[in-house]
Amino acid sequence: MKLDLKPLAQQPGAVLPFVLQVDLSDMEWYGVRPFVQPVRVEGQVRNRAGALELQAQLDTVLSLTCDRCAKPFEREKTVEYETLLAFELANEESGDIVLLNEGGELELDELMREVFLLEMDTKNLCSEDCKGLCPGCGVDLNVEKCRCKKEIDPRWAKLTQLLEPEGGSDQ
């Protein structure tokens, strides 16, 4: 979706609302495709005293795998985004300013795709208190207790004997 922003730039106070869907189903993220439905984008571009300001909210539901317990789960993801738009820049550094193409248009699909991907989490947990899997026996610690026999560090083995009850001695 291209937004022609030349007319908006001529009208201080004017607002151009937009709604679109961005399909990310072809995107692979850490070996999986978490985008089971399109990202819904709703926002507006406002001319605020000659400066074009873009505000958008991006929403979708992601199908993920927990990084601790390996269970699949779904989570809603919402991204709030704001930036300034410019036809040209006075210097080379743009910072957070998005530069429009030569025709004064903004390729909104491309920008929103990039914004959403940059906000993806690098670690996905089914819950904040997920205990994960036991590295020894592989049991899901959220469901049951570990079945591993605790190995004693040989350097501490003699000390554990002090804690064991003495068998067969009468003192």
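**Stop one: a nonpolar patch**

Select Ile-152, Trp-156, Leu-159 and Leu-162: together they make up a nonpolar patch on the surface, with about 470 Å² of accessible area between them. Keep in mind as you look around that this is a predicted model. Now pick out Trp-156 by itself; this residue sits in the loop between helix H2 (108-118) and helix H3 (157-163).

**Stop two: the aromatic pair**

How many aromatic pairs does the structure hold? The count is 1. To see the pair, show the rings of Phe-35 and Phe-116: their centres are 6.0 Å apart and their planes are at 65°, so this one is edge-to-face. The cut-off behind that label is a plane angle over 60 degrees.

Zoom out a bit and colour by secondary structure. The pair ties together distant parts of the chain, with Phe-35 in the loop between strand S2 (15-22) and strand S3 (39-48) and Phe-116 in helix H2, 81 residues apart.

**Stop three: salt bridges**

Time for the charged side chains. The salt bridge count comes to 7, and three of them are worth a click here.

Begin with Arg-113 and Asp-26, which form a salt bridge whose closest N and O atoms are 3.6 Å apart. Here again distant parts of the chain are linked: Arg-113 belongs to helix H2, Asp-26 to the loop between S2 and S3, and the two are 87 residues apart. As for accessibility, Arg-113 counts as partly exposed at 26%, and Asp-26 also counts as partly exposed, at 47%.

Next, select Glu-28 and Arg-33. They form a salt bridge too, with the closest N and O atoms 4.0 Å apart; the cut-off is within 4 Å. Arg-33 has a relative accessibility of 47%, so this residue counts as partly exposed.

Finally, go to Arg-40 and Glu-42, whose side chains meet in a salt bridge at 3.2 Å, N to O.

How values were computed: Residues numbered from 1 in each chain as written. Predicted model: local features only at pLDDT ≥ 70, side-chain atom pairs only at ≥ 80, totals over all residues. Heavy atoms only, no water. Patch = residues over 30% accessible without salt bridge, like charges linked within 9 Å, V, L, I, M, F, W, Y side chains within 5 Å. Areas by Shrake-Rupley, 256 points an atom, 1.4 Å probe, with all protein chains shown as cover. Helix = DSSP H or I, 4+ residues; strand = E, 2+ residues; numbered from the N terminus. Phe/Tyr/Trp six-rings, centres within 6.5 Å; stacked < 30°, edge-to-face > 60°. Buried < 20%, exposed > 50% of the residue type's maximum accessible area, 1.4 Å probe, protein only.
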